[in-house]
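Please examine the sequence and the three-dimensional structure shown here before reading on.

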Amino acid sequence: MKSKTLIIFLIILMSVVIFLLTMFLVSYLNGNINFKNGVFKMGHKSTNIVYDKKFNFEDIRDISIKQEAGDIIIKQSPDNYIQVVIYGNNDDDFNVNVANNDLDIKFQNKFRFNFFGFNQRLNDIIVYVPASYLNRITVKNNYGKCTIADLENATIDVDCDCGNVEVGKIKNANIKCDLRKYRSK
């Protein structure tokens, strides 16, 4: 009697393992899983630019960026403009708004079937800011890396749930990173 129960348990266990391995293989073949530099990563990065606009440096006081999944990269601008570049799949997944001299960037993926992280879409937001920027930059990222260039005079607030935070030379920074690590130059 015990051997019948054990055999049924092993058949069920093997079925679950085969199902998970099949899901892994299908996701790998679809490009949702990759092994770059020996690191296992899930999700599909978009290379499609859905938004690219420059704003006058004098017209923007504070910058707020909020995203669910993807990297947020803040780089130094070569000119006196603040430029926002968003990578994604749909034009209706994000909202860029300037009100009261505040630049507000929100990226929220619409609901798509997502099974244990499979079919996860990762979207990048790149913001180019002049080195002489003096005001506040607020970043809220649920999943993804946050990289901030040398903006010594800016005030940086970063709230990252899961992902690495890399910060250049900044005098005034408040960084909260729940899972992963924080690195400063």
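This is a predicted model: local features need pLDDT of at least 70, side-chain atom pairs count only at pLDDT 80 or more; totals for chains, interfaces and linings use all residues.

Residues are numbered from 1 along each chain as its sequence is written, and side-chain values use heavy atoms, with hydrogens and water left out.

The protein contains one helix and 17 strands; helices (H or I, at least four residues) and strands (E, at least two) are DSSP runs, numbered from the N terminus. Of its 185 residues, 34% are buried, meaning under 20% relative accessible area, while exposed means over 50% and partly exposed lies in between (1.4 Å probe, protein chains only).

Strands pair if DSSP finds at least two bridges between them. Strand β6 (residues 72–76) runs parallel to strand β11 (residues 125–129), joined by five bridges, and Lys75 has Tyr128 as its bridge partner in β11. Three bridges also join β6 to strand β13 (residues 146–148), again in parallel, with Ile72 opposite Cys146 in β13.

The largest nonpolar core has 33 residues, and those with the most contacts inside it include Ile74 and Ile137. Such a core is a set of buried Ala, Val, Leu, Ile, Met, Phe, Trp, Tyr and Cys residues joined through side-chain atoms within 4.5 Å. Beyond its neighbours within four places in sequence, Ile137 is in contact (heavy atoms within 4.5 Å) with residues including Ile63, Ile74 and Val129.

Leu10 belongs to helix α1 (residues 2–30). Leu10 counts as partly exposed because its relative accessibility is 41%.
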